[in-house]
Amino acid sequence: MIYSLTYHLVMSWDAELRALTERVAGPLFKRPEPRAVFGDLVRAFLGEVPRKNSWQLSDHIGHPNANRFEHLLARAKWDADLLRDEIRTYVVERLGRPDAVLIADDTTAIKKGTKSVGVAHQYCGLTGQVENCQVMPMLTYASEAGHAFINRRLYLPEAWAGDLARRAEAGVPDQVAFATKPALAIAMLAEELTAATPFRYFCADSAYGRDPDLRAFCHQHQVGYVLAVPVDVPLIDVRGQAEPAGHVLDRLLAHGDASIWERRACGAGSKGLRLYDWSAIAVAVSGQDPAPGYTHTLLIRRSTTHPEEIAFFLAHAVHGTAVPELISTAGMRWKIEENNETGKDLLGLTQYQVRSWTGWHRHVTTVMLALAFLAVTHAHLPDDDAPAHPDDLHDPGDDQGKEHAHRTAHPHPAPS
């Protein structure tokens, strides 16, 4: 898709970014100085900085040293949870839809040493093996208009949670106890329900979908979901006995009926439509009834090029929901992977040098604001089949216009 960019459009991004940071900073800071530094930090995250640590961000924005950003992230008095709430409000205002989807997933930050809060030798989704890393469960809000992070947690391994000395050194609050990643997802979902965030479904991968407590929370609160689940998720067969989901597929395949599969797209990727073969069957989940008025459906997805590649999804939806809607919802899960990629590659989501609990939450949440700005900017780009002439990118009366727009605004459109 081609967008027609003009000097005035690019400069409007700068004005919108300034208005956003001023609006958000108002409730966070009583004094103008930290408000200005906060605005500089968001702007620096959006700039072309090779390594987005405090020193390089400060150099990019024109500060003499890293002191202002380091103080803001580590020692200044402000509430990162309040910033998260402001981000949610902004995203819902600009991208909110009643049929939106909330998506949970981990991202990881590989780190050296043992001092960074929550760092441990644990499974790293980035490399698929055990690494010295931090694990960060994130929550994305996704609608037809766009998608951005609206909530976050830092996973604190049991070794950290029970080590009083390490907790004290990293500033972990006393009330923070060990919680599994699905439990952290439940906490984020509960916050979105309390905030009345508009959405229709919750999505996550099988690391979350296999957790019965997470599914039970959704049943209790009448939350629709389409969750990837492992092959052994316990269902109930026609005799009332527990059976793994894989047995359902075995019975379908035993009939030798190719019509059990229907080829459908579940969204668009970088290489075009994501086409798979799908089958759907109403199921009962062992030990878990759906919410009143809801039913469970097992979606089975098969690769069109490698038929041996099978994935399972458990859907919890209002009775009578069409299967194509559930398939489309399953495809929305990739939106959080796009947010993770954009956050890391463009905005420095994991390029922090902070080690403390407070510093981590402040850095990550500020990056979330930058990503939300990109998502909203991308959603409102004018569509034009004709490319803009390069001369349109600067005002003839301002020879420095193009340089200023590039250096201070520079919003990279979020991938779609």
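Me: A cavity is a set of points on a 1 Å grid over the protein atoms alone where a 1.4 Å probe fits but cannot get out. How many cavities of 30 Å³ or more does the count by this rule come to?

Reply: This is a predicted model, in which local features need pLDDT of at least 70, side-chain atom pairs count only at pLDDT 80 or more, and totals for chains, interfaces and linings use all residues. Residues are numbered from 1 along each chain as its sequence is written, and side-chain values use heavy atoms, with hydrogens and water left out. About 40 Å³ of space lies in the largest cavity, and the count of cavities of 30 Å³ or more comes to one.

Me: How many residues of the lining of the largest cavity are charged?

Reply: The lining (residues with an atom within 4 Å of a point) includes Phe-45, Lys-52, Leu-57, Leu-73, Tyr-352 and His-363. Five of the lining residues are nonpolar and five are polar. The number of charged residues in the lining is one.

Me: At what angle do helices α4 and α14 pack?

Reply: Helix α4 covers residues 67–74 and helix α14 covers residues 357–379, and their axes lie 7 Å apart. Leu-72, Leu-73 and Ala-74 in α4 meet Thr-358, Gly-359, Arg-362 and His-363 in α14, where contact means heavy atoms within 4.5 Å. Leu-73 and His-363 also belong to the lining of the largest cavity. The arrangement of α4 and α14 is roughly perpendicular (65 to 115 degrees), with a packing angle of about 110 degrees.

Me: How close do the axes of α5 and α14 come?

Reply: These axes cross at roughly 10 degrees, which makes α5 roughly parallel to α14 (under 35 degrees). Among the contact residues are Leu-83, Ile-87 and Val-91 of α5, and Leu-369, Phe-373 and Val-376 of α14. The residues of this contact divide into 13 nonpolar, three polar and three charged. The axes of α5 and α14 come within 9 Å.

Me: How many residues apart in sequence are the parts that the pair of Phe-29 and Trp-78 ties together?

Reply: The structure holds seven aromatic pairs (ring centres within 6.5 Å). The rings of Phe-29 and Trp-78 have centres 5.5 Å apart and planes at 55 degrees, so this pair is tilted. Phe-29 lies in the loop between α1 and α2, and Trp-78 in the loop between α4 and α5, so the separation in sequence is 49 residues.

Terms used: Axes fitted to C-alpha atoms, helices over the stretch in contact; angles between N-to-C directions. Helix = DSSP H or I, 4+ residues; strand = E, 2+ residues; numbered from the N terminus. Parallel < 35°, antiparallel > 145°, perpendicular 65-115°, else oblique. Phe/Tyr/Trp six-rings, centres within 6.5 Å; stacked < 30°, edge-to-face > 60°. 1 Å grid on protein atoms, 1.4 Å probe; cavity = no way out; pocket = protein on both sides within 12 Å on 5 of 7 lines; lining within 4 Å. Points joined across faces, edges and corners; volume = space filled by probe spheres on them. Nonpolar A, V, L, I, M, F, W, Y, C, P; charged D, E, K, R; others polar.
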